[in-house]
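Hi,

Here is the structure I promised to pass on. Please open it first, then read my notes below.

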Amino acid sequence: FTLNNAPEHLTQPLVVRIFRKTMRKGYAKGEAKAQNALYKIGYPTPRVFFACSDKSILGREFTIMEYKKGVNLSETGRPDIPEILGKLHAELHSIDPSPLMKGITPEDGGTIRYSITEYLDEFIRKNNYTRLFPALEWVLDNRPPSEPPVRAR
């Protein structure tokens, strides 16, 4: 869609991304911050101009971002889609996370997970699976040494 009588940067084609109903509150805002941080360091991702966590507006959280011309990878019929996605994910995970982490703070409502252990701790508490705390402690106590970041070939 396009907007009339809008600031110049919003007169380009835009797209609404609507998130699943089951996403935790604040997910759209966290996703927008991550996407914009990647955009700022030159990663080819659309800029997000607006993120809304109020599900009363569209029934779900959503973002409004710039439209990038192209086709959905699943629509290409290419047989090497798993390989393409694997390389893309390796490339994405090789990006230095420092700019992203600097741009996202606890004041953002915890919309970005800082670690898998924080996620597991919240999951255990939320679902009252307290019997899993000893397993989580074991995982933390027996972590393998840190590996260097993933690098795409």
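Start with the strands. β2, residues 48–52, pairs with β3 in the antiparallel sense, over four bridges. In that pairing, C52 stands opposite F62 of β3. Keep in mind that this is a predicted model.

β3 has another partner. Strand β1, residues 14–18, also runs antiparallel to β3, and the two are joined over five bridges. Here V15 stands opposite M65. How many of the residues of β3 are buried? Five of its five are, and the strand is mostly covered.

Next, follow the chain out of β3. L73 sits in the loop between β3 (62–66) and α3 (81–93). L73 touches I81, I84 and L85, leaving out residues up to four places away in sequence. Take L85: 12 residues separate it from L73 in sequence, and their C-alpha atoms are 9.2 Å apart in space.

Last, helix α1. It covers residues 27–40, which makes 14 residues. At 1.5 Å a residue, α1 should span 20 Å. Its end C-alpha atoms are 20 Å apart, so the two values agree. Which residues of α1 are buried? They are A28, G30, A32, A34, Q35, N36, A37 and L38. Just after α1 comes G42, with a positive phi of about 95°.

Have a look at each spot in the viewer.

Best wishes

Definitions and conventions. Residues are numbered from 1 along each chain as its sequence is written. This is a predicted model: local features need pLDDT of at least 70, side-chain atom pairs count only at pLDDT 80 or more; totals for chains, interfaces and linings use all residues. Side-chain values use heavy atoms; hydrogens and water are left out. Contact means heavy atoms within 4.5 Å. Buried means under 20% relative accessible area, exposed over 50%, partly exposed in between (1.4 Å probe, protein chains only). Two strands pair if DSSP finds at least two bridges between them. The expected span of a helix is 1.5 Å times one less than its number of residues.
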